[in-house]
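Trainee: Please take one part of this model and go through it closely. I would like a single connected account.

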Amino acid sequence: MEIPVTATGVPSAVLVRTGYTVSYNPDWRIPNWVAYELTRSEASAHGKREGGFEPDPEVGRSSAENNDYKGSGYSRGHMAPVGDMKWSRKAMRESFLLTNICPQDFDLNAGVWEDLESALRSRARKYGSIYIVCGPVVDSGYKTIGRKRVCVPGRFFKVVCWQERGDWRCKAFVFPNRKCGGTFHDYSTTVDQVESLTGHDFFHLLPDDVEHRIEAADTQGRW
DNA sequence: CGGCCCTAATTT
DNA sequence: AAATTAGGGCCG
């Protein structure tokens, strides 16, 4: 359900992990998207943050390295967050692979981005499984950092869908890659808009009429 | 405070 | 060289 159809013409190596699936872009050295289902029990797990950032051996030389991020002015921002992987030590460890990481502004990472992650865990605990996809929005002429020329995204998206009282619902967000004021609600948009920005097709397993209806609707304020 | 990170120093 | 420890900054 959560696995998108990747935009055509975009380099992609799909890697299936314990807690998430990633479409890795070997040219950009960052993911195209990261997708996973977050269940009620997974979102209820808690424990010590454990693990360290490391290159992904599964993609060989195309992996970003820690040196690329060092002193770059950007943090190593998780796409599938550690906080959503605490139900398994292996899943937690795998979340630190640099194929799951993007150069992200420090204050965005620790600010509204983290806030949204936390809010989604709450929703999963309250309503059951939710399906989460997130990743970068890369503009032409993007900046890079490090020897491996790791792409610095201009924006980040996060789209989610879930079933509530028998109805499918979804929400979408886009954040600029810098300190974002306000709350994550201020960055709400439509799934259609994110599809337009990225070229990916989200939640394509939904019945066509449902997909068409809810992905066009801006659901701001309606959780 | 706990959570997202960072760097430097120290140990092995 | 690699792992661990200690300390710092920012956010909500």
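Mentor: In this predicted model, β9 and strand β10 (residues 167–176) pair in the antiparallel sense over 10 bridges. Strands here are DSSP runs of E with at least two residues, helices are runs of H or I with at least four, and both are numbered from the N terminus. Two strands count as paired if DSSP finds at least two bridges between them. Within this pairing, Val160 stands opposite Lys171 in β10. The hairpin of β9 and β10 has two residues between the strands, and Arg165 there takes a positive phi near 50°.

β9 also pairs with strand β6 (residues 130–137): eight bridges join the two, which run antiparallel. Here Gly135 has Phe157 of β9 as its bridge partner. Strand β9 itself, residues 155–164, is mostly covered, with seven of its 10 residues buried. Buried means that 20 or more other C-beta atoms lie within 10 Å of the residue's own; exposed means 12 or fewer, partly exposed is in between, and C-beta atoms are placed from the backbone. In a regular strand, side chains alternate between the two faces of the sheet.

As for conventions, residues are numbered from 1 along each chain as its sequence is written, while chains are lettered from A and ligands numbered from 1 in the order in which they are written. Because this is a predicted model, local features need pLDDT of at least 70 and side-chain atom pairs count only at pLDDT 80 or more, whereas totals for chains, interfaces and linings use all residues.
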